[in-house]
Number of protein chains: 2
Amino acid sequence: MSLLSDRLADLPAPDEAARAETRSRADSVLRPAGALAWLDDIAVWKAGWQRTPTPTVSHPAALVFAGDHGVAAAGVSSYPSDVTAAMLDATREGRATINAFADAAGATVTAVDVGVGRPTADMRHEPALTAERFDEITATAFAAVDDLDTDLLVLGELGIGNTTAAAAIAAAFAGGDATVWVGRGTGIDDAGLDRKRSAVQESLRRIAGVVDPLEILREVGGSELVGMAAAAVAARHRSIPIILDGYICTAAVLPLHVAEPTALDHCVAGHCSAEPGHRLLLDRLEKRPLLDLDMRLGEGSGGMAALPLVKLACAGVVGVATFDEWFGPAV
Amino acid sequence: MSLLSDRLADLPAPDEAARAETRSRADSVLRPAGALAWLDDIAVWKAGWQRTPTPTVSHPAALVFAGDHGVAAAGVSSYPSDVTAAMLDATREGRATINAFADAAGATVTAVDVGVGRPTADMRHEPALTAERFDEITATAFAAVDDLDTDLLVLGELGIGNTTAAAAIAAAFAGGDATVWVGRGTGIDDAGLDRKRSAVQESLRRIAGVVDPLEILREVGGSELVGMAAAAVAARHRSIPIILDGYICTAAVLPLHVAEPTALDHCVAGHCSAEPGHRLLLDRLEKRPLLDLDMRLGEGSGGMAALPLVKLACAGVVGVATFDEWFGPAV
């Protein structure tokens, strides 16, 4: 047992009364029935997990977890590992893409260092994280969520080498040809792509006997991936709905879904990235992405780009007159 | 000649220097080259038409044109014509969906009455608009754009019966089977769909000899469609980029594109609606929609839903540090 598995075993269900009331209002406002289609469903989803019949996005936030990866030594990225620290600094100084997006969307950004300059072990040869580190990161992520005052949370990450970890997680659950899960990440060349595929295959051979989903996350994940998974669980317990970001974020929370099929019901997919494995993962999770714009950045940027849509979806139910309010009650 | 054809003959080109400077910055900021893909292109597009190397969305606006349709007498809508006036009132009072969306996106909404309670003629039997009314509506739309202080404009509409007009315009330019352009609009039943198809076919037979694109708009369009087309041209002259809304909006500006292939270069497609003809029209215009969410409301709602993406795209270039700014110039 881990801190994370404990909290995962005790997940709250959505507020069905809030859902029903929001659905009823969505069906009563001044527009043809179903005209907003999926956006009405998003408002109902938000109501259920925010636990209010008047869902709103008034103080959105992003948590960006950052960590380094031992497997980067295998030459799986076009950037050196010290770029993680540089981007963490830029994010904390408000100069990265996620900061600009968050400013435009009216959201805050909190960067959480769970392993920058303290890389995971090389997953080709040993578990990426010890059980103790896994619990330590979980506790940090829980505390980061506890420190937030938010009604909608975007999860993001920074970590050179982390598309390799994401591919290993996805492949571990999918079986079959591991190489379909390996893409170019930040833009690696053909030789690097070969090294990346080999690193994933080697890691999977090492963990062939591991079946527990959270153990797979510990074996071939990374500190920022564990941070995102733990934050997703913590947010569920605090009635904070989540927008998932791209491939790495989605891979990080996949083990939660495998362990408990309802574990990601409070999460929407913000976008589908250009990393080929992402669309496959979203299909696996039966999550339709709000956006499909070929983005491939991470940092939570794709989730943040989708955030205004959730805000509009809520406003489209809460902020519009009903037929009765506008015309008077039908007699 | 009409007021609209005069202004259409004299369209400005984009600011290439602003485009080049924005592209250069997009390629220099703290992220892997191309990581934001299309959003960088949107920022460059915005720079070119806003005519500034620092494109921003700081005071966005929507213009919602409203008008009634003589062809509504053919039973082509599931709502009576007086719903147009009611929705115009609701929009002016800030109680419609477009108002709630605009509030959430930080935009203003201006409703422009170009023919509510003053329906077009029944296009099955005579031209929807006289040449005088066409010019009058054009002048009203030009004035509405002149009254705006905005850096990004969403065009929208209200008008019971106007998907029939949109289908007639689209079919007039496409040739072939007119019925592929006819959808259910606000949700008409099968019998109504048959009446709608017949109305479109009858209208097209009547205008079989008309070839001038703006004349087709006058013959089978509607006052709010002419208003949107005229506003699109006026905005081009005032360096205001545009987000198009759904099927009706896109059909309204199609004649501009047929008359002058570059006429819509300052417009992006906000979304693809559930009305089947919309995707075909967007393909014809070679415009990829920012959103694809099955919305089918009008009012400018789909364009407004996409507006935050343009804002984020600009912020993602203007508001992010370059590598040189962050690390110092390379030696």
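This is a predicted model: local features need pLDDT of at least 70, side-chain atom pairs count only at pLDDT 80 or more; totals for chains, interfaces and linings use all residues.
Q: Which ring pairs with that of Phe323(A), and how are the two planes arranged?
A: Planes under 30 degrees apart count as stacked. A search of the whole structure gives two aromatic pairs over all chains. In one of them, the ring centres of Phe323(A) and Phe327(A) are 6.2 Å apart and the planes stand at 20 degrees, so this pair is stacked.

Q: Where in chain A do Phe323(A) and Phe327(A) lie?
A: Both belong to helix 14 (residues 323-327) of chain A. Because they are four residues apart there, about one helical turn separates them.

Q: How are the rings of Phe323(B) and Phe327(B) placed?
A: Their centres are 6.2 Å apart and their planes meet at 20 degrees, so the pair is stacked. In chain B, helix 14 (residues 323-327) holds both residues, four residues apart, or about one turn of the helix. Phe323(B) is partly exposed, its relative accessible area being 32%.

Q: What relates two copies of a chain?
A: In general, a rotation about an axis and a shift along it relate the two copies.

Q: Through which surface do the copies meet?
A: Of the interface residues of chain B, 100% are also interface residues in chain A, so the copies meet through the same surface.

Technical notes
Residues are numbered from 1 along each chain as its sequence is written. Chains are lettered from A and ligands numbered from 1 in the order in which they are written. Side-chain values use heavy atoms; hydrogens and water are left out. Contact means heavy atoms within 4.5 Å. Rings of Phe, Tyr and Trp (its six-membered ring) pair if their centres lie within 6.5 Å; planes under 30 degrees apart count as stacked, over 60 as edge-to-face and the rest as tilted. Helices (H or I, at least four residues) and strands (E, at least two) are DSSP runs, numbered from the N terminus. Buried means under 20% relative accessible area, exposed over 50%, partly exposed in between (1.4 Å probe, protein chains only).
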